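Please open the model in your viewer, with the sequence panel beside it, and follow the stops below in order.

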Amino acid sequence: YDEVRKVDLQYEIGPGVGYHLLQKPTFTLNVESGLNYQAQKRSTGVNLDSVYLRLGEDLTWKSTPRLSLTKKIEFFLDGEEIEQFRFRIDSALVYKLIENLSLNLNFLDTFDTEPAARVNKNELQIRSAIGITF
């Protein structure tokens with residue numbers, strides 16, 4: 001449930017294929033593409049049901065043994081109406097405090113050309129968290 005975006009229920013599913021462009025001990029870069037089926041039940045009464053072409057990339061950079069940066073970008077192009085698209089950029093800065101405990105700072109930017117009525121097309125979230133690794 002997302003009260004800000006007026007989404008009561010959402011799910012996505014889809015196949016894809018990826019490729020490791022770079023694999024170094026402190027840096028990895030991957031690309032992928034595929035199809036996504038997305039369904040949304042919105043609190044405004046309008047439901048969304050679309051198939052998207054998905055293009056994406058993700059990278060991880062471990063600048064020091066304690067500090068790492070991850071970034072993932074996904075672009076979704078509507079399969080029926082080419083002027084409709086959305087994208088998501090998700091980044092995280094992680095500082096390892098001790099072996100299984102870290103301090104995380106996350107940035108999430110989403111854009112949708114067809115949001116619910118009276119909802120901004122662009123949304124930026126900044127979150128901080130304590131991470132526990134099992």
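**Before you select anything**

This is a predicted model, in which local features need pLDDT of at least 70 and side-chain atom pairs count only at pLDDT 80 or more, while totals for chains, interfaces and linings use all residues. Residues are numbered from 1 along each chain as its sequence is written, and side-chain values use heavy atoms, with hydrogens and water left out.

**Stop 1: the whole chain**

Show the chain as a cartoon and colour it by secondary structure: there are zero helices and eight strands, so that the elements read β-β-β-β-β-β-β-β from the N terminus on. Helices (H or I, at least four residues) and strands (E, at least two) are DSSP runs, numbered from the N terminus. The C-alpha trace spans about 50 × 30 × 25 Å along its principal axes. Of the 134 residues in the chain, 25% are buried; here buried stands for under 20% relative accessible area, exposed for over 50%, and partly exposed for what lies in between (1.4 Å probe, protein chains only). The areas themselves are computed with the Shrake-Rupley method and a 1.4 Å probe, and for residues only the protein chains shown count as cover.

**Stop 2: Glu-12 and its partners**

Because Glu-12 lies in strand E1 (residues 7-13) and Arg-86 in strand E6, the pair ties together parts that are 74 residues apart in sequence. Which of the two is buried? Arg-86 is, with a relative accessible area of 7%, whereas Glu-12, at 27%, counts as partly exposed.

**Stop 3: a network of salt bridges**

A search of the whole structure finds five salt bridges. Glu-74 counts as buried at 10% relative accessibility, while Lys-72 is partly exposed at 39% and Arg-88 is partly exposed at 25%.

**Stop 4: the nonpolar patch**

Switch to a surface view and select Tyr-95, Leu-97, Ile-98, Leu-103, Ile-130, Ile-132 and Phe-134, which make a nonpolar surface patch of about 800 Å². Patches are made of residues with over 30% relative accessible area and no salt bridge, where like charges are joined within 9 Å and nonpolar side chains (Val, Leu, Ile, Met, Phe, Trp, Tyr) within 5 Å. E6 and E8 each supply at least two residues, and the largest share, three residues, comes from E6. Ile-132, placed in strand E8, is exposed with a relative accessible area of 58%.

**Stop 5: the negative patch**

Keep the surface and select Asp-49, Glu-80, Glu-81, Glu-83 and Glu-114, which gather in a patch of negative charge. Lys and Arg count as positive and Asp and Glu as negative, with His and the chain ends not counted; the place of a charge is taken as NZ of Lys, CZ of Arg, CG of Asp or CD of Glu. Glu-83 lies in the loop between strand E5 (67-78) and strand E6 (85-98) and is exposed at 53% relative accessible area. Glu-81 has its place in the loop between E5 and E6 and counts as partly exposed at 36%; a polar contact of 3.0 Å joins its side chain to that of Gln-84.

**Stop 6: Arg-118**

Finally, centre on Arg-118, in the loop between strand E7 (101-112) and strand E8 (122-132). Arg-118 has a positive phi of about 65° although it is not a glycine. Most residues other than glycine have a negative phi. Arg-118 counts as exposed, at 78% relative accessibility.

How values were computed
A salt bridge is a side-chain nitrogen of Lys or Arg within 4 Å of a carboxyl oxygen of Asp or Glu. A polar contact is a pair of N or O atoms within 3.5 Å; within protein, one must be able to donate a hydrogen and the other to accept it, and residues adjacent in sequence count only if both atoms are side-chain atoms.
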